Amino acid sequence: MKKTFSALFSWTLLATLLMVTGACNNKKFQVNGVITDAKDSILYFENMSLDGPVTVDSVKLTEKGDFSFSEKAPNAPDFYRLRIAGQIINISVDSTETITVKASYPTMATNYTVEGSAECNTIKDLALKQIELQQRIMAIQNNTSLGYDKTNDSINSTVEAYKDFIKRNYIFKAPMKASSYFALFQTLGNTLIFNPKQSEDDVKVFAAVATSWDTYYPNALRGQNLHNIAIEGMKNVRIMRNKIAEQQIDANRVNVANLINITLTDNKGVQRSLTDLKGKVVMLDFHVFGTKESTARIMKLRELYNKYHAQGFEIYQIALNSDEHFWKTQTAAIPWISVRDPEGINSGNLAAYNVQSIPTFFLINRNNELQKRDVQISDVDAEINKLLHQ
């Protein structure tokens, strides 16, 4: 009898432990709420993995607009988003909390409320500040009274002021927070605002958050990713520092008009330099072949080239495609100068010309002086004509 009782007790204890363990492994968080004015729209619940957004769940909204999603609680802060078409609400999750979101479509990205998570509210503040920064940058770019140099200086000073504010008031105050991680990956166009590939100061910001995550969330994949980015950034900074030193030694890199020279190999295997085109009106064009708008853009450029080339107009087009064979195939019949930057979207040339989105172009006069970027031009034909007859 005693042996039977002992065995029964052992099995009971084992069953209890299994139940507890199972319960621990099945802890969940919930994201629910209401999005009005979105009847029949598909609301996607996506995990922002290190490899990009992954759809976790979705629901077709009714007239009421209510929704509820539930997933396994993470061991370290993780990131999700609610999305209808291009409207996005970013969410951070670090426990079994219940997060309630209320919004109205189609302004849900900027006009929503969050309950149940202070971090989600901080991320909302950061997202709104990022949108405001983008609007300020666009206003500067669209200001036709500014030349290239003043436009570039204004953009740089605006971005640096934003970064300083975010560092002091968010990241360095609480580097272990999900919101600090989120702030590191904010972008302008295709470029990180805090860019460890180009800035030694930005590498230090990434390293600060990485170190803090090591302490609070040891072995977290996101923390390891931050370390890898910081280490790679240090290598890139050293390479950039060496390139800058070479450019300072080589006075031909920047001509008297402050045009930053670019020398790349064209689709015929010949090295072509931008400054060699002095005496012509040049369109410096940054392009990616194979994109949705690529064909229409090439047709438009061909019209401009055919119309003005005999008068002294030239196109210096930089392809940012990684596939060299594909690029050569696409450009075989193109009559203007087509070169390829093997660094792609990580190119230092994009940073040098402060390119925030692709495709984009600049106009250069016959004296090798930058005049305007595309967003400052309402009539490209008129601008080319004006430069040709100066």
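R168 is partly exposed, with a relative accessible area of 47%. This residue belongs to a predicted model. Its salt-bridge partner is D164, and the closest N and O atoms of the two are 2.9 Å apart. D164 also counts as partly exposed, at 35% relative accessibility. Both residues sit in helix α3, 4 residues apart, or about one turn of the helix.

**Salt bridges**

Side chains of opposite charge can pair when their charged atoms come close. In this protein the count comes to 13 salt bridges. Three of these pairs are set out here.

| Pair | Closest N and O atoms | Location |
|---|---|---|
| R168 and D164 | 2.9 Å | both in helix α3 |
| K163 and E160 | 3.4 Å | both in helix α3 (residues 148-171) |
| K372 and E383 | 3.1 Å | strand β17 (residues 370-373) and helix α10 (residues 380-388) |

Take K163 and E160. They are 3 residues apart in helix α3, about one turn of the helix. Is K163 buried or exposed? K163 is buried, because its relative accessible area is 6% and the cut-off for buried is under 20%. E160 has a relative accessible area of 45%, so E160 counts as partly exposed.

K372 forms a salt bridge with E383. This pair links distant parts of the chain, 11 residues apart, with K372 in strand β17 and E383 in helix α10. Both K372 and E383 are buried.

Salt bridges also join into a network. E46, R81 and R83 are its linked members.

**The second largest pocket**

Rolling a probe the size of a water molecule over the atoms shows where empty space is left. The second largest pocket has a volume of about 350 Å³. It is lined by 17 residues, and the closest to its centre are M48, F79, N90, F182 and F185.

Which element gives the largest share of this lining? Strand β5 does, with 3 residues. At least two lining residues come from each of β2 (42-49), β5 (78-84), β6 (87-93), α4 (178-184) and α6 (221-249). By class, the lining of the second largest pocket holds 8 nonpolar, 7 polar and 2 charged residues.

**The cavity**

How many cavities of 30 Å³ or more does the whole structure hold? The search finds 1. The largest cavity has a volume of about 50 Å³. Its lining consists of N190, T191, I345, L350, V355, Q356, S357 and I358. These lining residues divide into 4 nonpolar and 4 polar, with no charged residue.

**The protein overall**

The secondary structure comes to 10 helices and 17 strands. The protein has 390 residues, and buried residues make up 44% of them. Among contacts with a separation of 6 or more, 60% join residues 24 or more positions apart. The protein exposes about 20,700 Å². Carbon and sulfur atoms supply 52% of that area.

**In brief**

Helix α3 holds the K163 and E160 pair as well as the R168 and D164 pair. K372 and E383 are buried and link distant parts of the chain. Strand β5 supplies 3 residues to the lining of the second largest pocket.

How values were computed:
Residues are numbered from 1 along each chain as its sequence is written. This is a predicted model: local features need pLDDT of at least 70, side-chain atom pairs count only at pLDDT 80 or more; totals for chains, interfaces and linings use all residues. Side-chain values use heavy atoms; hydrogens and water are left out. On a 1 Å grid over the protein atoms alone, a cavity is a set of points where a 1.4 Å probe fits but cannot get out, and a pocket is an open set with protein on both sides within 12 Å along at least five of seven lines; lining residues have an atom within 4 Å of a point. Grid points are joined across faces, edges and corners, and a volume is the space filled by probe spheres set on the points. Ala, Val, Leu, Ile, Met, Phe, Trp, Tyr, Cys and Pro count as nonpolar, Asp, Glu, Lys and Arg as charged, and the others, Gly among them, as polar. A salt bridge is a side-chain nitrogen of Lys or Arg within 4 Å of a carboxyl oxygen of Asp or Glu. Buried means under 20% relative accessible area, exposed over 50%, partly exposed in between (1.4 Å probe, protein chains only). Contact means heavy atoms within 4.5 Å. Accessible areas come from the Shrake-Rupley method with a 1.4 Å probe; for residues, only the protein chains shown count as cover.
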